[in-house]
Each structure stands twice: as C-alpha cells, then as structure tokens.
Amino acid sequence: MQNLHLITSLLQTNKDFMNILAIETSCDEASASVVQNGRKILSNVISSQIHIHAKYGGVVPELASRHHLENINFVVAEALAKARLRINDIDTLAVTQGPGLVGSLLAGIMAAKTLSLIYRLPLLPINHIEGHIYANFLEHRIKPPFLALVISGGHTELVIQRDHTHYKILGRTRDDAVGEAYDKVAKLLDLGYPGGPVIDKLAKKGDPQYIKFPRPYLTGSYDFSFSGLKTSVVNYVSKHPASSVQHLADVVASFQQAVIEVLVNKTIQTALKLKMKKIVLAGGVAANSALRGLFTDKIRKTGITLYYPSPVLCTDNAAMIGCAAYYRLKNKKLEYNQKMLTFKAAPNLQL
Amino acid sequence: MSISKLNKIVITKSAAETQRFGRKLARQLKPGDLVCLSGGLGAGKTCLVQGIARGLQVKDYVNSPTFKIINEYAGKIPVYHFDLYRLEGLTDLRELGYEEYFYGQGLSLVEWAEKIIPFLPKQYLRIELRRVDEHTRKIILTDWRRKK
C-alpha cells in the first residue's frame with residue numbers, strides 16, 4: 001500500500017504536461033492565464049482598464065500602474081480558479097518584461113517575482129512582441145519560417161521569424177504606430193477611445209474611395225510611416241468639417257483604406273520577394289475587420305497562407321505570453337534558482 | 001546658453017523644409033538645453049524633432065513618444081524626446097526622473113510642456129508651430145526666461 005502511494009506520486013511528478021502561469025501588464029490590461037503544453041488555454045483572464053482611460057482619450061500611465069497593483073492578485077487568483085488548478089499544479093511562471101510602460105510592467109513583474117520566490121517556481125521573462133506573434137500558435141498549427149506583421153497601439157513591425165526564438169526585424173514605423181494613428185484620428189474627429197474599433201465600425205457605413213488620401217509606401221524600404229497620412233486627414237477636415245454622420249463615415253473609411261492598403265500591399269510584396277509562404281498577423285490592429293478582409297482578398301493566387309488570431313487573442317493577453325514561454329522552453333524543465341529573479345522591466349526591449 | 005539669440009519667426013513651405021530647419025537649429029543647441037514644442041495635431045512637431053535629431057547625427061528613427069512618454073536617442077549628444085500629453089499629475093513627472101534629463105548631459109525636446117511649467121528650467125527655448133495652410137507652417141521661436 002505504501003509502495004502504491006509512492007508510485008502514484010511519482011507518476012504525478014513525471015506528468016507529461018506542463019502548466020505555465022503567465023502574467024502580462026505591459027499597458028492598460030492586467031491579464032493572467034494558465035496555458036497547458038503551450039497550446040491549450042485553461043484560462044485567460046483580462047481585466048481591461050479601457051473604461052478608466054476612455055475619458056482621457058488614451059492610456060494614462062500613472063493610472064495604469066496604480067490599477068494594475070490593485071487588480072493583479074485578483075486576476076491571478078481568477079486565472080487559477082478558472083483553470084481549476086492550485087498554484088502547486090503550476091510548473092513554470094512567465095511574465096512580460098517589455099516593451100511597454102515602465103510602471104505597468106513593474107506591477108506584473110513584481111507579482112511574478114513574488115510568486116516565484118514564495119512557491120519556488122521558475123520564472124521566465126518574455127518579450128511582449130514575441131508574445132503577440134505566438135498568439136497565433138495557440139490557435140493554428142504553424143511552423144516557422146514566416147513573415148509576421150505586428151501592429152498595435154505602440155508597434156508597427158515587419159518581422160521575419162526563421163525559427164523559434166530567432167527573429168529579424170525588417171522594417172518598422174518611422175513615426176506613429178498604426179494604432180496610434182487610429183487613436184489620433186479618432187480623437188481629432190471626437191469619436192472616442194480606442195480609435196481602432198470605433199473607426200473600423202463607422203468605416204463600414206462609409207465609402208473608402210471618397211477621398212484619395214496619400215499612400216505612404218516608402219518604396220525601397222521595409223519601413224512604414226503614418227504621421228503624414230494623419231496630417232492629410234487634419235488638412236482635409238479643416239477644409240471640409242464633417243457635416244453629417246455619412247460624411248464622417250466617408251472620411252474614416254477613406255483614412256482606413258489608405259492605412260490597410262499600405263499594410264497589406266507592402267507585407268504581401270515583401271513575402272513574395274523573400275519567398276515566404278506564410279504571413280502571420282499579430283497585435284491589436286490585427287483584429288481590424290477591413291484589414292483582414294483586404295488581406296484575404298489580395299493573398300488569393302499568391303500561394304501564401306494567411307494566419308491571424310481571433311480578436312480576443314489579438315489584444316494584450318497573458319495566454320500569448322504563456323505560449324511564447326512554452327516554445328522558449330521547448331519541453332525543457334526549468335529549475336528554480338534565485339538568479340532568475342534579477343531581470344528588470346525593459347520599456348524599450350527589442351526582439 | 002547659445003539659444004538666447006533665437007527669437008525669430010520662420011515660415012516653412014513643406015514638411016521637408018521643416019525638417020531642414022530642424023537640422024540647422026540643431027547646430028545651435030547644446031547639452032543641457034531644453035526646447036518646448038507646442039502645436040496641434042499634424043502641426044509638424046514630430047517632423048521638427050526628426051530634423052533636430054538628424055542634425056545631431058541620431059541614426060535611429062524618431063518615433064512618436066506618445067505611447068511611452070519618453071524616447072531616448074544617441075547622437076552627437078543624447079536626445080530626450082518627451083510627450084507629456086498622457087502625464088496625469090506631478091507624481092508621474094517625478095517617477096519619470098525628469099531632473100536627470102532636464103539637467104543632464106543631453107538635449108531635452110518636450111511636447112506638452114505647458115503641463116509642467118513650474119518644473120521647467122529658468123531658461124528654455126519655446127517653439128510654437130502654427131498651421132497656416134496644408135503645407136505652410138509658421139514656426140515661432142521665443143527665448144523664455146523666468147523672472148526671479
């Protein structure tokens with residue numbers, strides 16, 4: 001009887017699945033998630049602060065970090081409860097190290113380090129951009145190499161991923177990020193925050209060909225630029241103030257068309273040039289319906305396959321961090337040691 | 001400070017010309033100087049900062065710091081580009097460690113500085129960008145000194 005007990009406990013320690021508890025607080029969402037074997041989401045709790053920030057028309061950093069501090073313990077407890085697990089069932093912890101707002105990052109990192117120290121669990125710092133790309137691995141069976149377009153409120157990056165953990169940034173924005181351009185145009189037109197979903201929704205009622213805004217292609221470079229396009233919208237609106245809801249819809253539809261044409265054409269051309277067979281979209285703007293539609297249209301007959309995550313995994317969430325952590329480990333078991341707690345928040349972390 | 005003789009008004013006719021003006025202006029700016037930039041959306045603040053950074057041999061791209069509040073660039077001298085739009089209170093400012101930047105060895109370029117006037121140095125260069133029409137911008141430079 002004694003032996004039998006020993007055998008079952010041994011079986012339990014040599015279990016063939018790995019549970020990762022991940023925490024992500026790089027910007028205005030506090031999120032915690034339990035991911036099993038890299039692909040199975042047992043829970044993914046996102047406590048959004050959008051309602052708090054909406055009245056300011058953007059993320060207010062001090063507010064973000066303060067609310068993360070208040071929320072993070074509840075979010076972690078909720079993630080474990082929804083996964084029907086206890087902290088003892090967790091094998092490894094993962095947390096977003098950067099890029100992001102320093103105050104927000106710190107809230108998540110301190111929570112993760114504390115859990116690591118108390119429960120003697122190994123902790124892995126993860127790059128937020130890498131996480132966004134890995135959101136695709138949660139839902140699709142893909143293998144590198146592929147071309148990834150990471151588009152969000154803070155990022156516009158064209159990345160080649162040759163293998164797991166092996167990246168090369170081909171191009172990025174020279175001024176405003178895509179999501180930022182959406183936010184600024186939405187603010188200019190008094191449409192609210194965040195700009196992306198509002199404009200995407202309103203644009204459906206408008207004529208995308210109504211105004212021919214410039215398409216900033218930056219030929220000969222893999223970079224993007226959206227600041228000049230934003231200025232064109234300012235110029236147009238100062239000459240022709242939005243007179244009706246229809247007119248407003250036409251303006252935002254035309255703006256959106258200019259943005260997505262550049263993103264889609266440039267990404268597909270790059271993939272063809274570099275003979276990439278797969279394109280992966282990631283980040284909050286990858287949830288944009290017009291962008292997905294145009295990508296799907298233009299990719300036909302190119303022989304390229306397009307992947308994108310479902311909208312909830314496009315936004316900042318901890319499941320993508322857990323997934324990236326799993327592939328970083330590739331089934332290796334990480335042993336706890338105190339040295340793994342010495343990393344710091346890195347607001348400008350590069351891939 | 002060499003910025004004391006910079007009271008003037010400049011008209012530029014294109015974004016490229018605004019950048020060129022920024023490059024020229026960079027020659028007159030020294031470590032420890034602070035420049036406040038004001039102007040509405042699309043007035044050309046980022047454009048001017050890009051020119052100044054180029055003039056100081058910054059190789060990196062000058063992105064908008066709206067998201068991260070501060071971007072640091074390595075040029076001939078360090079360049080600190082602030083966008084205080086999303087700054088809530090003065091606690092935020094202290095958390096940024098602003099003194100190390102404002103009184104450090106680099107050039108500080110500050111958008112939305114009107115939020116933190118009591119914390120600005122005694123002397124700084126104020127640049128206001130006004131949109132005249134689609135391409136034309138009026139750039140007003142004022143040497144600002146606080147009376148004791």
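## A pocket and the aromatic contacts

The second largest pocket has a lining of 28 residues, and nearest its centre lie Arg172(A), Asn348(A), Gln350(A), Asn63(B) and Lys68(B). Two or more lining residues each come from β7 (156-163) and β8 (166-172) of chain A and from β3 (70-74) of chain B. The largest share, 4 residues, belongs to β3(B). Strands here are DSSP runs of E, at least two residues long, and helices are runs of H or I with at least four, numbered from the N terminus.

This is a predicted model: local features need pLDDT of at least 70, side-chain atom pairs need 80 or more, and totals for chains, interfaces and linings use all residues. Residues are numbered from 1 along each chain, chains are lettered from A and ligands numbered from 1 as written, and side-chain values use heavy atoms, without hydrogens and water.

The space in the second largest pocket is about 510 Å³. A pocket is an open set of points on a 1 Å grid over the protein atoms alone, where a 1.4 Å probe fits, with protein on both sides within 12 Å along at least five of seven lines; lining residues have an atom within 4 Å of a point. The lining holds 10 nonpolar, 11 polar and 7 charged residues. Domain 1 (17-134 + 315-341) and domain 2 (144-308) of chain A both contribute to the lining, so the pocket lies between them.

Now the rings. The whole structure has 14 aromatic pairs over all chains. Rings of Phe, Tyr and Trp (its six-membered ring) pair if their centres lie within 6.5 Å; planes under 30 degrees apart are stacked, over 60 edge-to-face, the rest tilted. Here are two pairs.

| Pair | Centre to centre | Angle between planes | Type |
|---|---|---|---|
| Tyr134(A) and Phe137(A) | 4.5 Å | 25° | stacked |
| Phe213(A) and Tyr236(A) | 6.0 Å | 85° | edge-to-face |

Phe213(A) lies in the loop between α7 (195-203) and α8 (227-239) of chain A, and Tyr236(A) in helix α8 of chain A, so their pair ties together parts that are 23 residues apart in sequence. Phe213(A) and Tyr236(A) are buried (under 20% relative accessible area, with a 1.4 Å probe and protein chains only). Tyr134(A) is buried at 0%, and Phe137(A) is buried at 1%.

In chain B, one aromatic cluster takes in Tyr80(B), Phe82(B), Tyr98(B), Tyr101(B), Phe102(B) and Phe119(B).

Charges also sit over rings (NZ of Lys or CZ of Arg within 6 Å of the ring centre and within 35 degrees of the ring normal). Lys113(A) lies over the face of Phe343(A), 4.8 Å from the ring centre. The charged end of Arg126(B) sits over the ring of Trp144(B), at 5.3 Å from its centre.

Definitions and conventions
Grid points are joined across faces, edges and corners, and a volume is the space filled by probe spheres set on the points. Ala, Val, Leu, Ile, Met, Phe, Trp, Tyr, Cys and Pro count as nonpolar, Asp, Glu, Lys and Arg as charged, and the others, Gly among them, as polar. Domain bounds come from an automatic or database domain assignment. Buried means under 20% relative accessible area, exposed over 50%, partly exposed in between (1.4 Å probe, protein chains only).
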